[in-house]
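Here is a brief report on a few local features of one model. Look over the sequence and the structure first.

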Amino acid sequence: MYLSSTQYQNWTFRDEHEVAKLRFQANHDFIAKFGSSMSPQEKMQFFLSVEEEHIMVRTYEYSLRDFCKKFRDPRDGRIRMPPAVTTTAQHYFKRFYLFNSVMDYHPKEILVTCVYLACKIEEFYVTINDFVHNVRGDKKKAAEIILNNELQLTQELQFHLIIHQPFRPVEGLLIDIKTRFPQLRDPERLRPHVEEFLERVNLTDAIILYTPGQIALAAVTTAVSRLGENLDQYVTDILFPNDQRLHLKVLIDAVRKIKKMVKNAEPPASDTVRREIEGKLEKCRNQQNNPNSSQYRANYSEWDDDEVMMAASPMQEDTALGVERIRSPSNY
């Protein structure tokens, strides 16, 4: 099923070089569009570099994780956001900035939109009003930003919204170990370490380079190592018997690379670096996508005026209703 999925066919990349090339192109395209009249030196001083964009995206990936951890349903504080929602949102966020610059869409606005969309896809029901209860600042403005960005985000994701995650492969491995490898005592002991690994792997590019099964095996073997044991015999003799040894080398290589990426995961930027880049970003960002700009407000004011005209015309009634449904999910 995974090999026929849009995740594998469209969003799993060959290597880190391919991913880096896509990010470079997104940065280059934005600068070419908005800095065509500037000299190379002026562009360097005014716009964010690829590295600065990477720092921003990486830092907001940590912010996304923390937002999901702290999320509470205002109607019942015992309700927490499931890990599946966080993982899906991390995939959306990472995919979005492969083809878009942070100078075009600010990460703080795309972050909450990714989480809100992930709640829907993973069937974690929460209304927009309850959702923005967890957002700092103006709740009404936050809801408008999320709803205005939701369709744009979905389009940039090419409407490929189903995310295959490593949670099920992990469960399959644990059941198999209990059944066929009794040498490992009480595999349930592995869960805390597995969960920690899966949380950390979402902060790397491993989730867009490797399959959920490979990530799951990396998580389980790492957890076993943390307990001072190993699964070498299970992997080589049971999981991949003699007639499947051709696949073993590829799998071991992938697992090692995933572990290395998690071990070497870059931390978020310091507050000083973040503030410096944020200040630069506020000057060079696309004002048409800045909710605080007059251009943004003018664009959406024109859209609202068009809706009124469409609703007033009996010939456009169906279209007007369609737009109304898109713009007003807060009416659930």
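In which crossing, left-handed or right-handed, does α4 pass α14? The crossing is left-handed. That term applies if the near helix is turned anticlockwise from the far one by less than a right angle; clockwise is right-handed.

## Basis

This is a predicted model, where local features need pLDDT of at least 70, side-chain atom pairs count only at pLDDT 80 or more, and totals for chains, interfaces and linings use all residues. Residues are numbered from 1 along each chain as its sequence is written, and side-chain values use heavy atoms, with hydrogens and water left out.

## Helix pair α4 and α14

Helix α4 covers residues 50–70 and helix α14 residues 271–284. Helices are DSSP runs (H or I, at least four residues), numbered from the N terminus. The two pack at about 115 degrees, axes 11 Å apart. Axes are lines fitted to C-alpha atoms over the stretch in contact; angles run from 0 to 180 degrees between N-to-C directions.

From α4, E52, I55, M56, T59, Y60 and S63 meet V273, R274, I277, E278, K280 and L281 of α14. Contact means heavy atoms within 4.5 Å.

## R95

R95 sits in helix α5 (residues 83–99). R95 is buried and has no salt bridge. Buried means under 20% relative accessible area, exposed over 50%, partly exposed in between (1.4 Å probe, protein chains only). A salt bridge puts a side-chain nitrogen of Lys or Arg within 4 Å of a carboxyl oxygen of Asp or Glu.

## E123

E123 has a positive phi, near 60 degrees. E123 is exposed, at 73% relative accessible area.

Notes: Lys and Arg count as positive and Asp and Glu as negative; His and the chain ends are not counted.
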